Amino acid sequence: CHAGCSNAVIETDTLSLSKDGTATYTIISDFSEDYYDLEELKVMAQEEVTAYGSGVQITEAIVEEGVLNFQYAFDSLSHYAGFMETACYQATVEQAIKAGYKADTHLASAKDGSTILMNDERIQRHQLFVWNEAVTVRCSGNVLYYSGNLKLKGKTDVVPKEGSSGPYYVVYK
């Protein structure tokens, strides 16, 4: 684990954001069948990484008690988005609104559940992350506000609600 990353155990597929702009994507999966082969999986994943080019590497591939823990490290969120063939956005709330994100997006407070709009002056300088996949996101700081299709897990993690779809929004310190 690198600096800024939480020590809490990752139990589901999780994208961990770092203060330096890098990210780690951890895949947690059942790997208990006899025909599963970790070395084969590593070779296949490395071929995908090599084909993608630069900005991504495999940093962990272990199986413990029939559970796979597989981790990719990305130099930037744009490499994450490119490699995973998805879209995501990270900036301050103020920058996001200037970039066209809806100022009237409702966000729930991590502290008391009250709702504010994204254009609330109190959160303009805080970090915002927007994504579309049903994947847990671990922020590099404490969650302050999040969209209604997410639920808070601990101080730094948000989890998409079952059956929900993106975009998901989280504002953090």
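Leaving aside neighbours within four places in sequence, Val171 is in contact (heavy atoms within 4.5 Å) with Val93, Leu107, Ile123, His126, Gln127, Leu128, Asn142, Val143, Leu144 and Tyr145. The model is a predicted one, in which local features need pLDDT of at least 70 and side-chain atom pairs count only at pLDDT 80 or more, while totals for chains, interfaces and linings use all residues. Residues are numbered from 1 along each chain as its sequence is written, and side-chain values use heavy atoms, with hydrogens and water left out.

**Val171 and its strand**

- Val171 lies in strand S13, where strands (E, at least two residues) and helices (H or I, at least four) are DSSP runs numbered from the N terminus.
- Val171 counts as buried because its relative accessible area is 0%, on a scale where buried means under 20%, exposed over 50% and partly exposed in between (1.4 Å probe, protein chains only).
- Between Val171 and Val43, which are 128 residues apart in sequence, the C-alpha to C-alpha distance is 37 Å.

**Nonpolar cores**

- A nonpolar core is taken here as a set of buried Ala, Val, Leu, Ile, Met, Phe, Trp, Tyr and Cys residues joined through side-chain atoms within 4.5 Å.
- The largest nonpolar core has 31 residues, of which Leu15, Tyr72, Phe129, Trp131, Val137, Val158 and Val170 touch the most other members.
- Apart from that core lies another, of twelve residues, with Leu107, Ile123, Leu128 and Tyr169 among them.
- Trp131, when residues up to four places away in sequence are not counted, touches Ala87, Cys88, Val137, Leu150, Val158, Gly166, Pro167, Tyr168, Tyr169 and Val170.

**Aromatic pairs**

- The whole structure holds 13 aromatic pairs, for which the ring centres of Phe, Tyr and Trp (its six-membered ring) must lie within 6.5 Å, with planes under 30 degrees apart counted as stacked, over 60 as edge-to-face and the rest as tilted.
- Tyr101 and Tyr169 make an edge-to-face pair, with 6.3 Å from centre to centre and 85° between the planes.
- This pair links distant parts of the chain, 68 residues apart, since Tyr101 sits in the loop between helix H3 (93-98) and strand S6 (106-109) and Tyr169 in strand S13 (residues 168-172).
- Tyr101 is partly exposed, at 24% relative accessibility, whereas Tyr169 is buried, at 9%.
- Tyr25, Tyr52, Phe70, Tyr72, Phe74, Tyr80 and Phe83 are linked by ring pairs into a cluster.

**Cavity and pocket**

- On a 1 Å grid over the protein atoms alone, a cavity is a set of points where a 1.4 Å probe fits but cannot get out, a pocket is an open set with protein on both sides within 12 Å along at least five of seven lines, and lining residues have an atom within 4 Å of a point.
- Grid points are joined across faces, edges and corners, and a volume is the space filled by probe spheres set on the points.
- One cavity of 30 Å³ or more is counted by this rule, and the largest cavity holds about 40 Å³ of space.
- The residues lining the largest cavity are Val9, Ile10, Glu11, Thr12, Thr14, Thr136, Arg138, Lys153 and Asp157.
- By class, this lining has two nonpolar, three polar and four charged residues, with Ala, Val, Leu, Ile, Met, Phe, Trp, Tyr, Cys and Pro counted as nonpolar, Asp, Glu, Lys and Arg as charged, and the others, Gly among them, as polar.
- Ile10 lies in the segment before strand S1 (14-17) and is partly exposed, at 21% relative accessibility.
- Beyond its neighbours within four places in sequence, Ile10 is in contact with Ser16, Thr26, Ile28 and Arg138.
- The second largest pocket holds about 290 Å³ of space, and of its 15 lining residues the closest to its centre are Ser109, Ala110, Lys111, Val143 and Leu144.
- Strand S10 (residues 143-146) supplies the largest share of this pocket's lining, three residues.

**Backbone features**

- Gly166 and Pro167 are joined by a cis peptide bond with omega of about 10°, and Pro167 lies in the loop between strand S12 (157-160) and S13.
- Glu65, although not a glycine, has a positive phi of about 50°; Glu65 lies in the loop between strand S3 (56-64) and strand S4 (67-74) and is exposed, at 84% relative accessible area.
- Glu85 also has a positive phi, near 55°, in the loop between helix H2 (77-84) and strand S5 (88-92).
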